[in-house]
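I opened the file today to look up a few residues and then the sheet. My notes follow in the order I made them.

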Amino acid sequence: MVTEAEVYEALKSVIDPEVGFDIVNLGLIYDVKVSGEHVDVDMTLSTRGCPLHELLKQWAKEAVENIPSINSCTINIVWEPAWNVTMASNEVKKALS
């Protein structure tokens, strides 16, 4: 069975082209739930008006569905809590400051 850690690792392949960092280290992934061959991901975006909204969602879905033994993935865009830079990894915080 696929672990949450494996899903997070797959999601690190999704780079936000506006800032050049992956969505995991940006702190945009809020939750991952693996249920057999299906994964649910709760993620947010840095802003509600993000022009890459649909692309980032699709890239995340594809990254998860590329994991062997995963047949489907649902990406849920959530807005609470609102994202802020303190949610990012230390590497990202240093680069963005």
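**Notebook: residues, then the sheet**

I started with L96 and found it in helix α3, which covers residues 90–96. The model is a predicted one, so I read the values as computed from that prediction.

I then asked which residues L96 contacts, leaving aside its neighbours within four places in sequence. I found F21 and V85. V85 is 11 residues from L96 in sequence, and their C-alpha atoms are 8.4 Å apart in space.

Next I looked at two loops. P81 sits in the loop between β5 (72–77) and α3. I checked the peptide bond from E80 to P81 and found it cis, with omega near -5°.

S69 is in the loop between α2 (53–65) and β5. Its phi is near 80°, which is positive although S69 is not a glycine. S69 counts as partly exposed because its relative accessibility is 45%.

I wrote down an open sheet of three strands in the order β3-β4-β5, with mixed pairing. β3 (29–35) and β5 are at the edges with a single partner strand each, so one side of each has no neighbour in the sheet. From one strand to the next, the twist averages 15°.

I followed β3 to β4 (residues 38–43): the two pair in the antiparallel sense over six bridges. D31 has D42 in β4 as its bridge partner.

Helix α1 (residues 4–11) packs on the sheet and touches β3 and β4. Helix α2 also packs on the sheet, touching β4 and β5.

Terms used. Residues are numbered from 1 along each chain as its sequence is written. This is a predicted model: local features need pLDDT of at least 70, side-chain atom pairs count only at pLDDT 80 or more; totals for chains, interfaces and linings use all residues. Side-chain values use heavy atoms; hydrogens and water are left out. Helices (H or I, at least four residues) and strands (E, at least two) are DSSP runs, numbered from the N terminus. Contact means heavy atoms within 4.5 Å. Buried means under 20% relative accessible area, exposed over 50%, partly exposed in between (1.4 Å probe, protein chains only). Two strands pair if DSSP finds at least two bridges between them. Axes are lines fitted to C-alpha atoms, for helices over the stretch in contact, and angles run from 0 to 180 degrees between N-to-C directions.
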